[in-house]
Amino acid sequence: MKNAYEHMAECAAESARIARGAGATPPVSTTTPCHDWDLRELINHWVLYSAHGLEHRALRTPIPDELTARDFTADADWPERYAAQLDRAVAAWSDPAVREGTIDTGHGSTPAPDIARMLVMETALHGWDVARATSQEFRLSGPAAAFLLESVEGTAELYRQYEGFAGEVVPPAEASDFERALALSGRDPRPVAAA
C-alpha cells in the first residue's frame with residue numbers, strides 16, 4: 001500500500017501540471033478521448049473525483065452535493081485550486097491508518113487499498129485524457145506505470161460491464177506499461193496524426 005500512496009502522489013503532481021497547461025478557460029467545443037464529454041465536462045469530472053473524491057474517500061465522508069453540481073472551470077484560477085485540492089487529498093492519504101480497513105462507497109464497503117488503486121486510475125487515466133485533448137503529454141515513471149497497468153488489468157472487465165472503460169484497443173507493438181494500461185482501458189495511446 002505504500003507504493004499506492006507514492007504513485008497517488010506522483011499522479012496528482014502530474015495532473016496538477018497538466019491542469020496548469022490546459023488553461024484557465026477550456027473551450028467547450030474541444031473533443032476528448034472520452035467521446036461522451038467535451039473538455040469542460042471531462043475536466044469537471046476529473047477535478048471532482050481525482051481531487052475532491054480522493055480526499056473524501058480518505059476521510060470516509062461522502063462528496064457533498066454542492067461539489068457534484070459545480071462547474072470548476074467557471075473559476076479562472078481552477079488549475080491552481082485543483083492543484084491545492086490535490087495537495088490536500090494526497091495529504092489525507094499520507095496517514096498509514098487511512099490506507100487500512102474498508103471505505104464505504106455508498107454501495108457497500110471496499111478495502112482501502114482497492115479504493116487507492118481506483119483513485120490512482122481515475123487521476124492518471126483522466127489526466128491523460130485531458131493532456132491528449134490539450135496537446136500535452138501525461139508522463140509517469142516506470143514504477144507508477146507498472147502499478148497503473150496492474151490496476152487496470154485487475155479491473156478492466158468489471159469496468160467495461162459498467163461502461164467505465166471502452167473496448168480494449170490494440171497497443172503499439174513496443175508499447176510501454178503506460179501505453180498498455182491506456183489501451184486496456186479503451187484509450188488509443190498512439191500519437192495523433194497531424195492534420
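Thr-30 is buried in this predicted model, with a relative accessible area of 18%; buried here means under 20% relative accessible area, exposed over 50%, and partly exposed in between (1.4 Å probe, protein chains only). Thr-30 sits in the loop between helix 1 and helix 2. Leaving aside residues up to four places away in sequence, Thr-30 touches Asp-38, Leu-39 and Ala-133, where contact means heavy atoms within 4.5 Å. Helices (H or I, at least four residues) and strands (E, at least two) are DSSP runs, numbered from the N terminus.

A word on the numbers: residues are counted from 1 along each chain as its sequence is written. As the model is predicted, local features need pLDDT of at least 70 and side-chain atom pairs count only at pLDDT 80 or more, while totals for chains, interfaces and linings use all residues, and side-chain values use heavy atoms, with hydrogens and water left out.

Stepping back to the whole chain, there are seven helices and two strands. Read from the N terminus, the elements run α-α-α-α-β-β-α-α-α. The radius of gyration of the chain is 16 Å, close to the 16 Å that the globule rule gives for 195 residues, so the chain is as compact as a globular protein of that length. That radius is taken over C-alpha atoms, and the globule rule is 2.2 Å times the number of residues to the power 0.38. Along the principal axes, the C-alpha atoms fill a box of roughly 50 × 40 × 30 Å. Of the 195 residues, 46% count as buried. Among contacts between residues at least 6 apart in sequence, 70% join residues at least 24 apart.

Next comes the interior. In soluble globular proteins, nonpolar side chains tend to be buried together. The largest nonpolar core holds 57 residues, and Trp-93, Leu-140, Leu-148 and Val-152 touch the most other members. A nonpolar core is a set of buried Ala, Val, Leu, Ile, Met, Phe, Trp, Tyr and Cys residues joined through side-chain atoms within 4.5 Å. At least two residues of this core come from each of helix 1 (2–22), helix 2, helix 4 (78–92), helix 5, helix 6 and helix 7. Helix 5 gives the most, with twelve residues. Val-152 touches Met-121, Leu-125, Phe-165, Ala-181, Leu-184 and Ser-185, again not counting residues up to four places away in sequence.

Beyond residues up to four places away in sequence, Tyr-82 touches Ser-15, Ala-16, Ala-19, Trp-46, Val-47, Ser-50 and Ala-51. Tyr-82 and Ala-19 are 63 residues apart along the chain, yet their C-alpha atoms are separated by 7.7 Å.

The largest pocket holds about 1200 Å³. On a 1 Å grid over the protein atoms alone, a pocket is an open set of points where a 1.4 Å probe fits, with protein on both sides within 12 Å along at least five of seven lines, and lining residues have an atom within 4 Å of a point. Grid points are joined across faces, edges and corners, and a volume is the space filled by probe spheres set on the points. This pocket is lined by 39 residues, and Glu-122, His-126, Tyr-159, Gly-164 and Phe-165 lie nearest its centre. Helix 2 (39–59), helix 5 (112–133) and helix 6 (142–161) each supply at least two lining residues, and the largest share, twelve residues, comes from helix 5. The lining divides into 15 nonpolar, 14 polar and ten charged residues. Here Ala, Val, Leu, Ile, Met, Phe, Trp, Tyr, Cys and Pro count as nonpolar, Asp, Glu, Lys and Arg as charged, and the others, Gly among them, as polar. Gly-164 is in the loop between helix 6 and helix 7 and is partly exposed, at 49% relative accessible area.

The second largest pocket holds about 330 Å³. Of its 16 lining residues, Trp-128, Glu-137, Phe-138, Phe-178 and Pro-189 are closest to the centre. Helix 5 and helix 7 (177–184) are the elements that give two or more residues to this lining.

Lastly, some backbone angles. Most residues other than glycine have a negative phi. Arg-60, in the loop between helix 2 and helix 3 (65–68), has a positive phi near 60°. Ser-135, in the loop between helix 5 and helix 6, also has a positive phi, near 55°. Arg-60 is partly exposed at 34% relative accessibility, whereas Ser-135 is exposed at 71%.
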